[in-house]
Amino acid sequence: MANVKIFDTTLRDGEQSPGVTLIPEEKLAIAKQLAKMKVDVLEAGFPISSEGDFKAVKMVSENVKGIEVAGLARCRKGDIDRAWEALKDAENPRIHVFIASSPIHMEYKLKMTEEEVIKSAVEGVKYAAQYTDNIEFSAEDASRSNVDFLARLFEAAIDAGAKVINIPDTVGYSVPSEFGALVKGVKEKTPNIDQVEISVHCHNDLGLAVANSLAAIENGATQVEVSVNGIGERAGNAALEEIVMALYTRHDYYGLDVTQDTTQIARLSKLVANSTGISIQANKAIVGANAFAHEAGIHQDGVIKERTTYEIMDAQTIGLDHNKLVLGKHSGRHALKDFLDKYDYELDESSFESFFKRFKDLADKKKNVSNADIIALLDNELYDY
Ligand code: KIV
Ligand code: ZN
């Protein structure tokens, strides 16, 4: 069965999160965990951008095996030489070259015409081809580019030797049906597209990075670029854990195999949060503290009777021990009884009712009722303090 390649850019675009700097040793630890999770490609950095980035890409290339390692470069000889110098000891190195393709970027940033951009892309890909045939070519700001020009640019890059063409929504401007249609349009208009992987790289400025990536998959993308916890420039990139778990949980819909080890997700997410200092919001999908927690009484009752009533994923699938039943003012008798069973307390019916009332009074006043609070209440009930 087919699968979509997962290209992780936590160590490159993720590290471009404002205020984040990872030292090479931290990057290596994250890279090892990404390899353990079996992502297909990891982008370790942008070697020309700093000594630290160069060192990190080199360290990852030398020490992390069983996975493709990519390094970013503009379509410039100096960038490509530096990227190769850092990547050359990787088991399967990939040079990732990019140039912008939108009218805004070409006019104001590059000050280049369409023909000059195509020429530069072809020269960049050909120059990289002296080192490796594993070359990815990205058209930066593709989602704000003309689709006919994109097709010409990609065709030229494929002719020059690119094996992956990447369609980034660089500024997170696109919406799902539009982005899906762009991928479809590129596929239809680029004659030799069937010879290469079609990748997408979505930013999250409108909170649509994951939705756009999934729309792209439905329209023929064979690789998605993601970052752990969705970190990255501005509002970040498509979140690795959300894409992988969407494909895994909705296998019935996408019909794609997930080759990643999903049980590594929780560990990887914590490692990235601790190393970058970017904490995870409690209600973040998949890895937030509340993602597998239930507080409402009706939900707790349902989950105690049959987990799948209110859970579409098993916490163990992402490497957590179990879900959490949070006891609070919305909890009902079933969740409290479950707690008593777990802690080996036995209460007769009238003590239970009185304990339940005390619990509700406390939960009304206190948002977070801890296990210690409940045990103190129980002791009050049992020993009549
Ligand atoms: O967002 C973007 O366009 C990028 C490219 C360099 C792939 O990060
Ligand atoms: Zn990006």
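This is a predicted model: local features need pLDDT of at least 70, side-chain atom pairs count only at pLDDT 80 or more; totals for chains, interfaces and linings use all residues.

Reader: How many bridges join β5 to β6, and do these strands run parallel or antiparallel?

Author: Three bridges join β5 to β6, and the two run parallel; strands are DSSP E runs of at least two residues, numbered from the N terminus, and two strands pair if DSSP finds at least two bridges between them. Residues are numbered from 1 along each chain as its sequence is written, and chains are lettered from A and ligands numbered from 1 in the order in which they are written.

The protein averages a pLDDT of 94, and among its elements β5 has the highest mean, 99. For the complex, the predictor gives an ipTM of 0.99 and a pTM of 0.91.

On the side of β5 (135-140), S138 has N166 of β6 as its bridge partner. Strand β7 (residues 197-202) also runs parallel to β6, joined to it by six bridges; there, P168 is partnered by H201.

Six of the six residues of β6 are buried (20 or more other C-beta atoms within 10 Å of their own), so β6 is largely enclosed by the rest of the structure. V164, N166 and P168 cover one side, and I165, I167 and D169 the other.

The bridged residues S138, N166, P168 and H201 are among those surrounding ligand 1 (C-beta atom, placed from the backbone, within 6 Å), together with others including D13, F98 and E140. Both β5 and β6 (164-169) supply at least two residues of this shell.

Methods
Helices (H or I, at least four residues) and strands (E, at least two) are DSSP runs, numbered from the N terminus. pLDDT is the predictor's confidence in each residue, from 0 to 100. A residue is buried if 20 or more other C-beta atoms lie within 10 Å of its own, exposed if 12 or fewer, and partly exposed in between; C-beta atoms are placed from the backbone.
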